Amino acid sequence: MEVEFSWGATEAKVVEVTETGSTLRAYGLKIIHTLLERNTKLIANPASYADSMVGLKMNVPEDRLEAVVGMLPCITSPTIAQLYKSSWFSVEVMVGEAVVREIIPRLIEDGADGIIEYSLNKLVGRGDRIG
């Protein structure tokens, strides 16, 4: 047996999340106890799933800023901040997830760099008010 250091909070080892058990067999291990048997299901309102949004954040040089900002779809306007002691800017927008695959290559061609795409837990707009 080989014992390795574990980074982060780990209460137990070896845990296998599997359907077939092939990884266990490959390492010569066997199941000694089953904690839980489940399957995963995604349940979503089709309307909300269809318009899911993600965040995009990127760095843009000053001489390409207008071109990049001009192609970004966003709710109102992008958040823009100048980088410290630099002629580059940080640009951040919320866009439809369906747009990302098409727009990222265009952003790179127009000078954006270090593009980050991240999931959003919630996006609340003025139209979401109750009453």
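Colleague: In which sense do β2 and β3 pair, and over how many bridges?
Modeller: This is a predicted model. In it, T79 stands opposite E92 in β3. The pairing of β2 with β3 is antiparallel, and the number of bridges is four.

Colleague: Is K85 buried or exposed?
Modeller: K85 lies in the loop between β2 (79–82) and β3 (88–96). A residue counts as exposed over 50% relative accessible area. K85 has 74% relative accessibility, so K85 counts as exposed.

Colleague: What is the order of the strands in the open sheet?
Modeller: Strands of a sheet pair through backbone hydrogen bonds, either parallel or antiparallel. Here β1 and β3 pair in the antiparallel sense over nine bridges, and L56 stands opposite V93 in β3. The open sheet has four strands with antiparallel pairing, in the order β2-β3-β1-β4.

Colleague: Which strands stand at the edges of the sheet?
Modeller: The order of the sheet is β2-β3-β1-β4. Each edge strand has a single partner strand, so one side of each is left without a neighbour in the sheet; the edge strands are β2 and β4. On average, neighbouring strands of this sheet are turned against each other, direction ignored, by 15°.

Colleague: Which residues of α4 are buried?
Modeller: α4 lies across β1, β3 and β4, running at about 10° to β1. The cover over the buried residues of α4 includes β1 (53–61), α3 (65–71), β3 and β4 (113–119). An α-helix has 3.6 residues a turn, so residues three or four places apart point the same way. The buried residues in α4 are V100, I103 and L107.

Colleague: Where does helix α4 bend, and by what angle?
Modeller: α4 takes in residues 97–109, and the proline P105 follows the bend within four residues. Just after α4, G111 takes a positive phi of about 110°. The bend is at I103, by about 40°.

Colleague: What pattern does the protein follow along the sequence?
Modeller: The protein has four helices and four strands. Of its 131 residues, 17% count as buried. Among contacts with a separation of 6 or more, 68% come from residues 24 or more positions apart. The pattern is α-α-β-α-β-β-α-β.

Terms used. Residues numbered from 1 in each chain as written. Predicted model: local features only at pLDDT ≥ 70, side-chain atom pairs only at ≥ 80, totals over all residues. Heavy atoms only, no water. Helix = DSSP H or I, 4+ residues; strand = E, 2+ residues; numbered from the N terminus. Buried < 20%, exposed > 50% of the residue type's maximum accessible area, 1.4 Å probe, protein only. Bend = angle between axes of the 7 residues up to and from the residue. Contact = heavy atoms within 4.5 Å. Pairing = 2+ DSSP bridges. Axes fitted to C-alpha atoms, helices over the stretch in contact; angles between N-to-C directions.
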